Amino acid sequence: TSPATAVGQRRRAAPWIMAVALVSAASARADVALNNMFGDHMVLQQGIRNKVWGKADPGENVTVTLGDGSKAAQTHTTTAGADGSWHVLLDAVTEYGGPHTLTVKGKNTVTFNDVLIGEVWVCAGQSNMQWSVNASNDPDLEKAAANFPSIRLISVPQVGTQDPQWNFNGTWQACTPETVGNFSAVGYFFGRQLHQTLGVPVGLINNAWGGSAAAAWVRRDKLAADGRFKGLMERWEKLEADYPAAKAEFEKKFAEWKEAAEKAKAEGKPAPQQPGNPDGQMRGNSRPGNIHSGVLTPSIGYGIKGAIWYQGESNAGRAYQYRDLFPLLIKSWRDEWALGDFPFYWVQLADFKAEQAAPAESDWAELREAQTMTMKALPNTGEAVIIDIGEGKDIHPKNKQDVAKRLARWALAETYRVPGIACRRPLYKAMEKQGAKIVLAFDHVDGGWRPFDVPEPIGFTIAGADRKFVPAKAAILPDGRSEVSAEGVADPVAVRYAWADNPRCNMFSGVGLPLTPFRTDEFEGVTANAH
């Protein structure tokens, strides 16, 4: 065939090729599509009306059927809206187990197999929640024993954006020695404890992002509408306004750096430092709303029992702000999921950095205080104190097993009402001044006091009117209260316990839960004016 003849054949064929392409595109648009929270091996939350949603052609009829082959299936029908979106609410299933089949039929049919009915929890936060089984204590033993076909795992990729995402790239997997290694260690150990204690299927949604700031997990419009976060939002608005110029400057410097790096390589010299790309801030894990739009939005609405949270390190420098920001985060999630005040349990910051020989101010202590205050601000919340589990040399302590157990105690005792499970750690209640001493009362000292390692209480400091804290002597009174004093402080006004980045402290209840770090004063802290 001559070139001219070939060109003519392609021209004559073009309309037919275009017609086929249009038919194919129309077929693609006609296909019912579901969010990737729905898939083989998923877990649907027991006892609630689970929402199932997706997209289809506008006006397309969609039928959703859930059945296990042995009982009458439930079927629900709806019509896609003008934008193609649709959803149905399944009838609540009160029996745990499966496997079930979920079928969605429109102009095409999508079938999901091996669906279980169980308990579903979101595992969110920054790097200590993201921290994998592979990187935690005894990964070889943990993975070898991870044969739990009724525990199901799914991870949501880290996407930072201001544009709300409809879907994500991820699939449910059964828990096996091969699949558990890269999953959140705290999430897995928490879910395993629930599964082994309750004997029911468990689904775990891991959407943690290392280094993330709390504001990135909240819808941006909610932050912008709240005057308490004016300083935070103004800072980011300026960064965004300056971004085009910063990007242009980066591209100029990057071209210069590339040339200098090539020259250095040819001369056998070290390359100069590469300039920072402002894209990182715009797509990163600190920009308000970024994680909410890119990571959280695709899963909001999926049926869950509750959430566990391990975050705060990135917000320690603004601990007073966290007093407002953290409750807003929890409340906004509850509003958006529309499942009521679902359980929300979190990990208080661990001990970290060098131990301090003398009392000092601490932003980490103030962040822990903000976390504790959230329990009083919101119902159905709980805090796992791990002031004894951290590593001074490592912001990522490897003992994630005990962290997860303390979270699981909250869920088992408060959510599932398992009798005999202690979850509430000792908590400061009140103080009474008695001359040169201050006597402290506490709640939740289950089993009495059991100071760790040595019988004398360690970790208390005391101050007079000059607000200068000094190490204090403490004694446990027969009624469970503690008596605190120090030489040279004849007229004390305040006591603090474990008030440091990495305090030396040893107060535990008889059931092995540590005393929550606290202070009796309300002196202005080092982060009071950081916004």
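In which sense do strand 1 and strand 3 pair, and over how many bridges? In this predicted model, strand 1 and strand 3, the latter spanning residues 51–55, pair in the antiparallel sense, and two bridges join them. Within this pairing, L34 stands opposite G54 of strand 3.

The pair belongs to an open sheet of three strands, arranged in the order 1-3-6 with antiparallel pairing. Strand 1 (33–34) and strand 6 (85–89) each have a single partner strand and stand at the edges, so one side of each is left without a neighbour in the sheet.

Taken along the principal axes, the C-alpha atoms fill a box of roughly 105 × 70 × 45 Å. The chain has 531 residues, and 50% of them count as buried. Among contacts in the chain with a separation of 6 or more, 74% come from residues 24 or more positions apart.

As for charge, the chain carries 57 positive and 59 negative side chains. The centres of these two sets lie 4 Å apart.

Key
Residues are numbered from 1 along each chain as its sequence is written. This is a predicted model: local features need pLDDT of at least 70, side-chain atom pairs count only at pLDDT 80 or more; totals for chains, interfaces and linings use all residues. Side-chain values use heavy atoms; hydrogens and water are left out. Two strands pair if DSSP finds at least two bridges between them. Helices (H or I, at least four residues) and strands (E, at least two) are DSSP runs, numbered from the N terminus. Buried means under 20% relative accessible area, exposed over 50%, partly exposed in between (1.4 Å probe, protein chains only). Contact means heavy atoms within 4.5 Å. Lys and Arg count as positive and Asp and Glu as negative; His and the chain ends are not counted. The place of a charge is taken as NZ of Lys, CZ of Arg, CG of Asp or CD of Glu.
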